[in-house]
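Good morning, colleagues. Please look at the screen.

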Amino acid sequence: MSAASLRRRVSETWRITLRWRHRFTYALADQGFYSATNFLFTILLALWLPLDAFGLYVIIWTAVAFIEGIQVALITESRPSIASAYGRENRERLDSAAFWIATGYGAASSLAITVCAAALTPWHTAYGGPLLVLVAINPLQRLYLFFRRLCYIRDRQHIAAAASLAYGAAMIAGGALLAG
């Protein structure tokens, strides 16, 4: 291998490394903000809430995790493979369809939570308020996850990281406000 060929290879490898370095850093920041927020939020609620109220939070958060798992499995993770099968020329149509699917899933899962709230509130009145709050924020959570994934598909990891930072601030501020 000649020196010129080696220089070209090293230069190309360095260019790719720099390009991926930024993507990796923003992706790490995005996931770090998102995960750290959920962890910190749970720790703060454990400190702020009485034990029975924290137990209620854990049950409701488990429902959120279940709803999110379904969205990830059926909508979020399948999106890139569907998009790659139809090519770039159909990108706007696919994005629009995926947006409406995520919106519909948010509405349907909020409806299911409303039914659960109606069934659980007579049994245990403490579930009513938190479940109704979840009904209100659930569609926003579904869209947040959709747009976060779309940022990665569109190579906009910096926007996903900024959104995760905003999500973290909103969660902690909202928890502090609700905890009183």
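By a salt bridge I shall mean a side-chain nitrogen of Lys or Arg within 4 Å of a carboxyl oxygen of Asp or Glu. What you see is a predicted model, and the structure holds four salt bridges. I shall describe some of them.

Let me begin with helix α1, which covers residues 3–48. Within α1, Arg 15 and Glu 12 lie three residues apart, about one turn of the helix, and their side chains form a salt bridge at 2.6 Å, N to O. Arg 15 is partly exposed, with a relative accessible area of 46%, and Glu 12 is also partly exposed, at 35%.

A further pair joins Asp 30 to Arg 148 through a salt bridge of 2.9 Å, N to O. This one links distant parts of the chain, for Asp 30 belongs to helix α1 and Arg 148 to helix α5, 118 residues apart. Asp 30 is buried, at 1% relative accessibility; Arg 148 is buried as well, at 11%.

That brings us to α5 itself.

After α5 comes Asp 155, with a positive phi near 60 degrees. Asp 155 forms a salt bridge with Arg 23, with 2.6 Å between the closest N and O atoms. Here too distant parts of the chain are linked: Asp 155 sits in the loop between α5 and α6, and Arg 23 in helix α1, 132 residues apart. Asp 155 is partly exposed at 32%, whereas Arg 23 is buried at 13%.

How values were computed:
Residues are numbered from 1 along each chain as its sequence is written. This is a predicted model: local features need pLDDT of at least 70, side-chain atom pairs count only at pLDDT 80 or more; totals for chains, interfaces and linings use all residues. Side-chain values use heavy atoms; hydrogens and water are left out. Helices (H or I, at least four residues) and strands (E, at least two) are DSSP runs, numbered from the N terminus. Buried means under 20% relative accessible area, exposed over 50%, partly exposed in between (1.4 Å probe, protein chains only).
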